[in-house]
Amino acid sequence: MVQAWYYADSEQDGRELHQYTPNRPVSLEQLAAIGVEVSSVDVTQPDYIDKIDSICKERDYKNRDEITISKEKLPGYEEKLKIFFTEHLHEDEEIRFIVEGTGYFDVRSPGDQWIRIACGPSDLIVLPAGIYHRFTLDTSNYLKAMRLFKEDPKWTPLNRGPVTDENSYRQGYLESFVK
Ligand code: KMT
Ligand code: NI
């Protein structure tokens, strides 16, 4: 299961832990309260794909792809990592299932602090439409994930700025989760 904590800003590379001393953990309940759902599908079980299939069916997800994020396997590795680690939102929910390796999803708290979510094999994470987030590998520099999409892959990242602050999906997110 994932671990999460408030991200301590520093000059260090984003792949480092970025924990406060002492660490300031964030619970799964706190994540759920901001609309981030984390669950687990055991990737070591032969039927794990059936479980992913049924989640897709329940939530009406029609498409998926698989991405291996490593220097060797991902064309345009450095450039893509920069895009992933730029704060953005999507107008669709984002579901990611980690098959191999590890990495961090950072999501913005209601108070606009980063919360770092450390993911590894079997973790399934759902980010609601309109939440500001970013992704990075950790120092192991390897992650293989399944990306699930409702329709055609519509993963256009909308980078944070005055325009996204006014985006109707952003406004909808704030109305539903931030009291
Ligand atoms: C995103 O939206 O930043 C991503 O999908 C990151 C790559 S999937 C681990
Ligand atoms: Ni994203």
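Trainee: Is His 90 buried, partly exposed or exposed?

Mentor: This is a predicted model, and in it His 90 comes out as partly exposed, because 18 other C-beta atoms lie within 10 Å; the cut-off for buried is 20 or more.

Trainee: And where in the fold is His 90?

Mentor: His 90 is in the loop between S4 and strand S5, the latter being residues 94–101.

Trainee: What about His 88, which element is that in?

Mentor: His 88 is in strand S4, which covers residues 88–89. His 88 counts as buried, because there are 20 C-beta neighbours inside 10 Å.

Trainee: Which residues does His 88 contact, if I skip its neighbours within four places in sequence?

Mentor: With those left aside, His 88 is in contact with His 133, Arg 134, Pro 157, Leu 158, Asn 159 and Arg 160.

Trainee: OK, on to ligand 1. Which residues come nearest to it?

Mentor: There are 10 residues around ligand 1, and Phe 84, Glu 94, Arg 96, Phe 135 and Ala 145 come nearest. Glu 94 is also one of the positions in the UniProt "binding site" feature.

Trainee: Which strands supply at least two residues of that shell?

Mentor: S5 does, and so does strand S10, residues 143–149. The largest share is from S10, with three residues.

Trainee: How many of the shell residues are nonpolar, polar or charged?

Mentor: Seven are nonpolar and three are charged, with no polar residues in the shell around ligand 1.

Trainee: Let's zoom out. How many helices and strands are there in the protein chain?

Mentor: The protein chain has five helices and 11 strands.

Trainee: What does the radius of gyration say about the protein chain?

Mentor: The value is 16 Å, and a compact globule with 179 residues would have a radius of gyration near 16 Å, so the two agree. Along the principal axes, the C-alpha trace spans about 40 × 35 × 35 Å.

Trainee: And what share of the 179 residues is buried?

Mentor: Buried residues make up 23% of the protein chain.

Trainee: How much of the contact set comes from residues 24 or more positions apart?

Mentor: Taking contacts with a separation of 6 or more, residues 24 or more positions apart account for 76% of them.

Trainee: Now helix H2. How far does it reach?

Mentor: H2 runs over residues 48–59, which is 12 residues, and reaches 17 Å from its first C-alpha to its last. That is close to the 16 Å expected at 1.5 Å a residue.

Trainee: Does H2 lie largely in the open or largely buried?

Mentor: Largely in the open, because the number of buried residues among its 12 is one. Just after H2 comes Asp 60, with a positive phi of about 65 degrees.

Trainee: Which other residues have a positive phi without being glycine?

Mentor: His 18 is one of them, with phi at about 55 degrees, and Ser 122 is another, with phi near 85 degrees.

Trainee: Where do His 18 and Ser 122 sit?

Mentor: His 18 is in the loop between S1 and H1, while Ser 122 is in the loop between strand S7 (114–119) and strand S8 (123–127). Both are partly exposed: His 18 has 19 other C-beta atoms within 10 Å, and Ser 122 has 18.

Trainee: Which residues does the cis peptide bond join?

Mentor: Thr 21 and Pro 22, with omega at about -10 degrees. Pro 22 lies in the loop between strand S1 (3–6) and helix H1 (28–33).

Trainee: Last one, Asn 167. Where is it, and what does it touch?

Mentor: Asn 167 is in the loop between helix H4 (162–165) and helix H5 (168–177). Not counting residues up to four places away in sequence, Asn 167 touches Leu 89 and Leu 158. Leu 158 is also among the contacts of His 88.

Methods: Residues are numbered from 1 along each chain as its sequence is written. Chains are lettered from A and ligands numbered from 1 in the order in which they are written. This is a predicted model: local features need pLDDT of at least 70, side-chain atom pairs count only at pLDDT 80 or more; totals for chains, interfaces and linings use all residues. UniProt positions are given in the numbering used here, feature names are shortened, and annotations may be inferred rather than shown by experiment. Helices (H or I, at least four residues) and strands (E, at least two) are DSSP runs, numbered from the N terminus. Two residues are in contact if their C-beta atoms, placed from the backbone, lie within 7 Å. A residue is near a molecule or strand if its C-beta atom, placed from the backbone, lies within 6 Å of it. Ala, Val, Leu, Ile, Met, Phe, Trp, Tyr, Cys and Pro count as nonpolar, Asp, Glu, Lys and Arg as charged, and the others, Gly among them, as polar. The expected span of a helix is 1.5 Å times one less than its number of residues. The radius of gyration is taken over C-alpha atoms; the globule rule is 2.2 Å times the number of residues to the power 0.38.
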